[in-house]
Amino acid sequence: MKIKSILTITVVLLTSQLLKGQATGNAVTDLLLSAYSERNYTTQPVTDQQLEMILNCGIKAPSARNQQPWRFTVIKDEAAMKEIISNVVAGNVLIIISGAESQTGTTPDFDCGLAAESMFVAAHALGLGARIYGSPAGNINSKRDVYQVPAGFKAVVVLRVGNVEKPVDAVSSATPRKAFDEIVNFKK
Ligand SMILES: Cc1cc2nc3c(=O)[nH]c(=O)nc-3n(C[C@H](O)[C@H](O)[C@H](O)COP(=O)(O)O)c2cc1C
């Protein structure tokens, strides 16, 4: 792509973010405000270095009492991935995030959500797409040995990671959020 086209697209994206009050000039908050849950991926493979960085960001997530009540099962085989999410493409990676089953006084499912979000954000920070899936958990848990979910853990969510067409208009591609005033109230 010519430099002029790249510059034009960059200006359009930045302008649309500024108009929506979404550009802050901070890399992390800009990423959080513009990332979305991609549905369409290219077959360009996620590299081992990218995957390792994403997994390390999940391991680094906070958890109640630092119990780290999670295990991550990585699936790269296309046929195995398709049994979990039918429209995956070669080059995607699935990460099954499983939570400890018998933890009292802690919150494994919530902690798994935090690990999933850290990996979701890390994937986007690396220029990849990502989407969290809750619906496959039941199927995975009915065949835990097939998916190599460790004993004492159950699948909570699956994170899909892959390459996406770039540049993407993340602002218009994300589904709308409820209004600030509907979500937030300030105690008087
Ligand atoms: C806990 C959780 C479970 C989800 N489960 C599914 C799912 O089963 N299938 C699916 O297509 N998307 C699933 N999603 C993705 C959401 O639909 C998506 O994050 C939401 O619509 C916002 O999308 P956007 O950021 O692109 O606007 C899930 C997201 C979360 C956080």
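This tour moves through the model one selection at a time.

The structure is a predicted model, in which local features need pLDDT of at least 70, side-chain atom pairs count only at pLDDT 80 or more, and totals for chains, interfaces and linings use all residues. Residues are numbered from 1 along each chain as its sequence is written.

Colour the protein chain by pLDDT, the predictor's confidence in each residue, from 0 to 100; the chain mean is 89, and 87% of its residues reach 70 or more. Over residues 5-21 the pLDDT is below 50. Where pLDDT is low, the predicted coordinates should not be read in detail.

Next, select helix α5, residues 108-125, bearing in mind that helices (H or I, at least four residues) and strands (E, at least two) are DSSP runs, numbered from the N terminus. Among the buried residues of α5 are A116, M119 and F120, where buried means that 20 or more other C-beta atoms, placed from the backbone, lie within 10 Å of the residue's own. Just after α5, G127 takes a positive phi of about 85°.

Now select L159, which touches A116, M119 and F120, among others, not counting residues up to four places away in sequence; two residues are in contact if their C-beta atoms, placed from the backbone, lie within 7 Å.

Finally, show the ligand, whose surroundings include Y36, S37, R131, I132 and Y133; a residue counts as near a molecule if its C-beta atom, placed from the backbone, lies within 6 Å of it. The largest share of this shell, three residues, comes from strand β3, residues 129-133.

Notes
The expected span of a helix is 1.5 Å times one less than its number of residues. A residue is buried if 20 or more other C-beta atoms lie within 10 Å of its own, exposed if 12 or fewer, and partly exposed in between; C-beta atoms are placed from the backbone.
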